[in-house]
Amino acid sequence: MYGGGNIFEATKFDDLQTEDPAKLAEFEARIARGEKIEPTDWMPELYRKQLIRMIEQHAHSEIIGALPEGTWITRAPGFRRKMAQMAKVQDEVGHAQLLYSAAETLGKSREQMLTDLINGKSKYSNVFNYPAFTWADSNIISWLIDAGAIVNQMANAKGSYGPYSRALERICAEEAFHLKYGHDAVVHMATGSPKQREMIQAALNRWWPPIMTFFGPSDKMSTHTETLMRWKVKMASNDECRQQFLDMYVPKIWELGLTVPDPNLKKNQETGQWEFTEPDWDEFKRVINGDGPCNAERLAVRRTAEERGAWVRRALLNPKAKYVRPLA
Amino acid sequence: MLKSLDPRVTRLNLPDGEVPPMEEKPELDQFETYEAFHQKKDGAAHTYVGPVHAPNEDVAFLFAKEQYSRRFPCVGLWIARTENIQVTPYGNDGENVYDMLRIEETAEQIEQPEPYEIFHLKKRGKAHTHAGRVMATSYLNALQEAKQAFGEKSPIVNVWVVKSKDVLQSAEDDKDMWTTVPEKKYREAIAYKVMDKITKYKEERKNTPAQ
Ligand SMILES: [Fe+2]
Ligand SMILES: [Fe+2]
Ligand SMILES: [Fe+2]
């Protein structure tokens, strides 16, 4: 799971003038040729910083995103659903591991990333600061949040950084199951008893506003953004992702006879663009800065796991261990 | 106390409200790293899948098995400590990195040769694949031997060299640890016949007058 890596205030625009012009030209030419950048290559500081921040936030989103669905494993209706929900949650945690490693190849340690997550220094996708009240909420997450994540991940897999692309390829392969699993769960509810339909509609109504903020506010087009696009760090604008998501999933929601709680949502046939009520970006900012219904709980749960496991890790640690960055 | 919708979280008795920041994690809290290579089917070359953090080789093997071979066909797994792998510089796509390396002749070969495993990356962004094994007296010597043995097939943009004794390899007998993978259909997209359900629902709705 993942909400646009660029939704938070950008790294300070480092003056590219300070970079070695010959090396910069070589780096840019490599990307222009469609070659991937590998960890030991020379890269501009801005590239490194922006990728660390993106991949790290992506990793945090996977591991925190596992919490609202993980909470439903024991209460999932039936054995098969418990198994499937467990497999999905395990996948998400695995995604976090893959992504932490990819970020690590750029020079930030996993210890530091975990500390920064727990102390609120780095962010994760804001949607996970909302609660999953019922099993139906969990289904909406499995389907539509993962669908949003896939739009993002498919775009980013074509990015220029080798380790991130490799991780995303594995991730996308597993997401195919998440999407089908989620869709199936929602269809089951929507085509079930009136009570089930009511539950899934209520969950959709609760999740729609956070979903609309999932890709972040419209990008301010700056030289900074242009540079990141040229370097294939940012692969699509937040608005493009949102439009693509609406194009793919609104019809799938409607065909189930469900409604989207936005009276202004419609596709403008002339422009081909979806129109909708502007999401509440003030709430978005408030929640992402800590004041959401679940922020404290999410971080407390993560912190507890880290703290209570610390003695086991210390006991296992080989005194001769020496840290080296993962290779690729 | 923190009250959650999930009773199990509530039972953790976590403090509510402002909490002091967590102390910085000590170095190596997350252990050192190992690199994992999987074999997709019998006879196929082992291919790089990614790193794991672990306190030792055996745990690294378990973590890698879980992380990299849980969801896809696999018949073999190799693990090597990152520190024990030597890496050449990266060439451009299309180049052969062996041609760019100045591999100097080692003066005297006093030591007994031992086996080394050689991995090639054919294109940036792809995964390193096992090219084969050479007998050599040092990493550099292994690279020389590898250049002669498998260096001609360009392009090769990067080479990894590791002593065979530093690679934990799953044995032929271990293969049954992966036999249940294909049984777990509930984690395959194909197990979910969503379209059938939707079609049935639409059919039914067509036949019943609008409520
Ligand atoms: Fe997800
Ligand atoms: Fe994921
Ligand atoms: Fe997912």
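Reply: Start with A:Asp291, which has a relative accessible area of 47% and is partly exposed. The model is a predicted one.

Me: Why is A:Asp291 called partly exposed?

Reply: Buried means under 20% and exposed means over 50%, with partly exposed in between. A:Asp291 has 47%, so the label is partly exposed. The partner of A:Asp291 in a salt bridge is A:Arg286, which is also partly exposed, at 42%.

Me: What makes the pair A:Arg286 and A:Asp291 a salt bridge?

Reply: The N to O distance is 3.5 Å. The cut-off is within 4 Å, so the pair counts as a salt bridge.

Me: How do you know whether A:Arg303 is buried or exposed?

Reply: A:Arg303 has 16% relative accessibility. Buried means under 20%, so A:Arg303 counts as buried. A:Arg303 forms a salt bridge with A:Glu307, at 2.8 Å from N to O, and A:Glu307 is partly exposed at 42%. Both residues lie in helix H11 of chain A, four residues apart, about one turn of the helix.

Me: What makes B:Lys197 and A:Asp184 a salt bridge?

Reply: Their closest N and O atoms are 2.9 Å apart. That is within 4 Å, so the pair counts. Between chain A and chain B there are ten salt bridges, and a search over all chains finds 41.

Me: How much area do chain A and chain B bury between them?

Reply: They bury about 6,200 Å², 56% of it on carbon and sulfur atoms. In chain A, the residues that lose the most area to chain B are A:Glu111, A:Arg170 and A:Leu327. In terms of contact, 74 residues of chain A meet 63 residues of chain B.

Me: Why is strand E3 of chain B described as largely enclosed?

Reply: Five of the six residues of E3(B), residues 76-81, are buried, so the rest of the structure largely encloses this strand.

Me: How do you know that E3(B) pairs with strand E1 of chain B?

Reply: Six bridges join the two strands, which run antiparallel. Pairing needs at least two bridges, so E1(B) and E3(B) pair.

Key. Residues are numbered from 1 along each chain as its sequence is written. Chains are lettered from A and ligands numbered from 1 in the order in which they are written. This is a predicted model: local features need pLDDT of at least 70, side-chain atom pairs count only at pLDDT 80 or more; totals for chains, interfaces and linings use all residues. Side-chain values use heavy atoms; hydrogens and water are left out. Contact means heavy atoms within 4.5 Å. Buried area is the accessible area (1.4 Å probe) that two parts lose on being put together, summed over both. A salt bridge is a side-chain nitrogen of Lys or Arg within 4 Å of a carboxyl oxygen of Asp or Glu. Buried means under 20% relative accessible area, exposed over 50%, partly exposed in between (1.4 Å probe, protein chains only).
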